[in-house]
Each structure stands twice: as C-alpha cells, then as structure tokens.
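Morning, everyone. I have one structure to walk through today. Let me put it on the screen.

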Amino acid sequence: MSTGIPLNENIYWTGVNDRQTGLFEELWPIPNGISYNSFLILDDKVALIDAVKDISLDRYLEKIRGLLAGRRTIDYLIIDHIEPDHSGAVKILREIFPGMQIVGNKKTMDLLAAFHDIRDNLLTVSDGDTLDLGRCRLQFHITPMVHWPETMMTFEERHQVLFSGDVFGGFTALDDGIFDDEITDLGPYEDEMLRYFTNVIGKYSVMVQKALAKIAGLDIRMLAATHGLIWRNRSRHAIDLYDRWSRYEAVDGVVIVYASMYGSTEKMMEAVARSLESEKAGALRVHNLARVHASYILADIWRYRGVVLGSPTYNTGLFPLMDHLTRLLENKMLRDRVAGIFGSCGWSGGAIKELGDFVKRMKWELVAPLVEVKGSPGAEDLKHCALLGANMVKRLRTGKPWGVNTGGLP
Ligand code: FEO
C-alpha cells in the first residue's frame with residue numbers, strides 16, 4: 001500500500017502524478033506530465049493541504065487512508081487554490097470524511113459554492129489568521145491573483161514549510177524524486193518550471209511580486225507548491241527564479257520566431273540569424289511557428305532579452321500562427337524586451353504594420369530597420385536583414401534601460 005512520502009515527522013506528500021493529460025488547461029503540452037501536490041499533516045488534529053484533480057483518486061485515497069491507518073479522520077482541508085486541478089477531489093473527500101471542515105478565505109468559499117455546491121462546515125480565515133493543530137501551527141497569508149482571486153499561502157511554523165499554491169510550481173510529473181536534492185540535474189526541470197511560469201502564472205507577475213514581498217519575512221525552510229518539486233535544499237534558489245521571471249528579467253540572447261509559407265521569410269530569417277551569430281549576440285534560438293508549440297516559444301521569449309519576429313502577410317494581415325503568438329504575448333503582458341521585425345508579402349503588405357503596432361502596444365523597444373520584402377528577397381533586402389541583426393546586438397550591448405519605443409528609428 002502506498003502511504004505517501006514524508007517531508008518530516010508530521011507532514012507527508014500525498015500528491016498524484018498526471019501522465020494522461022496531453023494539454024494542461026487544454027492549452028499547454030505536458031509531454032513529461034505534471035504533479036498535483038497535496039500534503040497531509042498528522043498532529044493532534046489532521047489537516048490536508050490542498051487536494052488534487054479528479055484523476056487517480058484510488059491512488060490518492062490509498063495514500064491518505066494508509067497514513068490515517070483507519071484510526072483517524074481528516075479534521076481540516078485547507079484550500080490554498082480552488083482551481084479544479086486542486087479541488088477536483090474535494091467532493092469525494094467530503095463524502096468519505098463528512099466531519100472535515102473546509103478552510104479558505106471568503107473568496108475561496110464563493111468559488112467552492114460555485115464549483116462544488118459546498119456551503120456548510122466551512123472555516124473562513126482572513127489574512128494573518130492561524131490554526132493550531134497541536135505541535136504544528138498554520139498561518140494563512142492571502143496572496144490574490146497568483147493565480148486566481150482566492151489564492152493564499154499556508155505557512156506551517158514548526159517545520160517552516162510554505163505551501164505556496166501554484167507559485168514556485170513547475171510542469172513534469174515527479175518521477176525520480178519529489179525533492180530538489182534528489183534530482184541530479186535540475187536544468188531540465190528548471191526549463192519546465194519556466195515554461196509553467198510563462199504559460200500559467202506570468203500574466204500575474206505584478207501580483208507574484210506582491211506575494212514575494214508578503215512572504216519575505218517568513219523563515220522558510222521548505223517550499224511546497226501545488227505542482228512540481230518540493231524545494232527542501234535550495235528554496236532560496238526557487239524564490240530567486242520566480243522573482244527574476246516576475247520582474248521580466250532576461251538573460252543575454254535573442255529568439256527569432258518566424259513562419260514562412262514559400263521560403264521568402266525563411267531566407268530573411270537566415271540572414272538575420274547569421275548576422276546575430278557573427279556579431280556574437282549570445283544565445284540564439286530560432287523557432288519555426290509551424291513546427292514548435294507556442295508554449296515553448298513563450299518560455300524562450302521570457303528568457304531572452306531580444307526577440308525578432310518574422311511573418312509573411314496572409315490575407316492582408318499577420319500570418320495566423322504569428323497572430324496567435326502575438327495575442328498570447330499581449331495576454332501574458334510580458335514587458336521590457338527589445339524587438340526587431342521583418343516579413344515578406346505577395347500582392348499586399350500588412351504583416352509588418354501589424355507587428356509594429358503589436359510592439360508598440362507591448363511597450364517594447366523596436367530596433368531598425370523594419371524589413372518588408374515583396375516576393376523573394378534580393379541581395380539588398382538580405383543586407384537589410386543583416387543590418388537588423390547587427391543593430392539588435394549593438395542595442396543589447398549598450399545595456400541602457402530597456403523599454404523605450406523608438407518607432408523603428410536607430
Ligand atoms: Fe494549478 Fe491555478 O491551478
């Protein structure tokens with residue numbers, strides 16, 4: 001029988017892995033799965049911190065029953081975040097443990113009624129409230145919009161564990177370990193953590209910053225988010241990552257994202273890329289929109305300072321996949337990037353104007369020249385593309401504050 005994994009003598013991981021879902025939120029690929037983390041605290045009182053999605057419930061309940069050993073019940077279910085990937089199991093838990101009180105803030109209770117029609121046996125808490133379990137004591141910190149209005153974090157004082165909801169979470173199922181110090185190479189996990197952040201949480205970066213300020217005074221020994229690894233050795237590192245990402249901090253490098261219907265925009269992309277490489281732009285990532293899911297492209301644009309977008313004109317406007325990407329970026333409200341744009345057209349232009357308008361709306365800085373070619377690019381056009389690459393590198397090297405839109409002027 002599976003009984004969960006201990007974090008310490010009181011707290012156990014009782015989460016489940018999801019390796020069946022193809023797209024998280026039906027939007028974001030999760031080829032390596034995802035975990036829904038839930039934690040059982042065994043003390044004089046028994047508290048469950050967050051539940052799981054309504055999958056693998058047999059395994060989930062087996063872990064909980066194993067820990068309760070038939071002698072105890074659950075006294076409290078703390079809901080830090082009620083999105084159904086964490087509350088899908090609430091109804092069945094309520095049926096099995098009818099005396100279990102559900103703990104959340106006022107907004108949690110509104111959503112609990114809306115999603116699960118649960119309206120009784122509730123304990124509504126406010127910011128700063130505490131709940132004694134015996135030797136363990138829980139503090140509640142309301143941290144709205146990370147990632148829904150009701151989100152809060154729960155800090156267990158005795159073992160200094162912060163249950164942080166989605167914040168500090170990451171994609172990937174927990175295969176070879178549930179703790180950061182059990183993973184030999186954290187690099188691939190951190191890539192998936194960034195992808196999760198950009199795809200799901202990044203839009204609320206300002207609120208992440210507020211949440212980080214709020215928990216800054218806590219002496220945190222272990223970070224336990226609702227997805228991904230539990231940070232027991234390098235919790236400060238995980239906090240730093242989320243801090244940097246939510247301040248839109250970027251590393252040196254450029255991402256080229258392009259689409260090409262008949263090869264013209266692709267030729268232009270190659271000229272820009274060669275120029276970036278020869279000018280030593282730093283890391284260079286090239287993504288063909290028709291081949292790479294926007295989920296991965298978002299993460300790279302969040303990671304690197306420079307972004308160059310290349311699009312053919314399609315029916316007098318942006319190529320649809322580029323249109324989709326720009327809408328996603330606007331929705332995610334990423335700030336402080338330096339952009340270049342290029343594209344090709346047949347019988348009508350349009351893509352470059354739309355890309356220029358997009359860069360203005362994003363308040364990104366635009367590097368000259370804007371290159372638009374009718375038909376196939378000639379030698380002179382490719383020189384302009386190379387100049388765009390060189391100017392991008394020059395601009396990134398200055399290190400001046402970013403975000404001033406020059407309207408394409410040098
Ligand atoms: Fe993991 Fe916002 O739910």
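How many residues of domain 1 are in contact with residues of domain 2? On the domain 1 side there are 14, and they touch eleven residues of domain 2. Before I go on, please note that this is a predicted model.

Now the domains themselves. The domain assignment puts domain 1 at 5–246. Domain 2 runs over 255–398. Take the C-alpha centres of domain 1 and domain 2, and they sit 39 Å apart.

On to the interface. The size of an interface is often given as the accessible area lost when the parts come together. Here, domain 1 and domain 2 bury about 1200 Å² between them. Carbon and sulfur atoms account for 59% of that area.

What about charge pairs? Across this interface, the rule finds one salt bridge. Let me also show you the pair R303 and D191. Their side chains form a salt bridge, at 3.3 Å from N to O.

For the protein, the salt bridge count comes to 21. Another one of them pairs R94 with D120, with the closest N and O atoms 3.4 Å apart. R94 is in helix α3, residues 90–96, and D120 is in the loop between α4 and β11, so this pair ties together parts that are 26 residues apart in sequence.

The largest pocket has a volume of about 270 Å³. Its lining comes from α8 (264–278), β20 (304–314) and β22 (338–345), if we list the elements that give two or more residues. In total, 17 residues line the pocket. Which of them lie nearest its centre? They are M261, Y262, T313, C345 and G346. The largest share of the lining, three residues, is from β20.

What is the lining like by class? Eleven residues are polar and six are nonpolar.

Last topic: backbone geometry. Most residues other than glycine have a negative phi, and most peptide bonds are trans. Two places here go the other way.

Start with Q160. Q160 is not a glycine, yet its phi is positive, at about 55 degrees. Look for Q160 in the loop between β14 (152–156) and β15 (161–163).

Then there is the bond between A368 and P369. That peptide bond is cis, with omega about -5 degrees. P369 belongs to the loop that links β23 (365–366) and β24 (371–374).

That's my tour. Over to you.

Note on methods
Residues numbered from 1 in each chain as written. Predicted model: local features only at pLDDT ≥ 70, side-chain atom pairs only at ≥ 80, totals over all residues. Heavy atoms only, no water. 1 Å grid on protein atoms, 1.4 Å probe; cavity = no way out; pocket = protein on both sides within 12 Å on 5 of 7 lines; lining within 4 Å. Points joined across faces, edges and corners; volume = space filled by probe spheres on them. Helix = DSSP H or I, 4+ residues; strand = E, 2+ residues; numbered from the N terminus. Nonpolar A, V, L, I, M, F, W, Y, C, P; charged D, E, K, R; others polar. Domains from an automatic or database assignment. Contact = heavy atoms within 4.5 Å. Buried area = accessible area lost by both parts, 1.4 Å probe. Salt bridge = Lys/Arg side-chain N within 4 Å of Asp/Glu carboxyl O.
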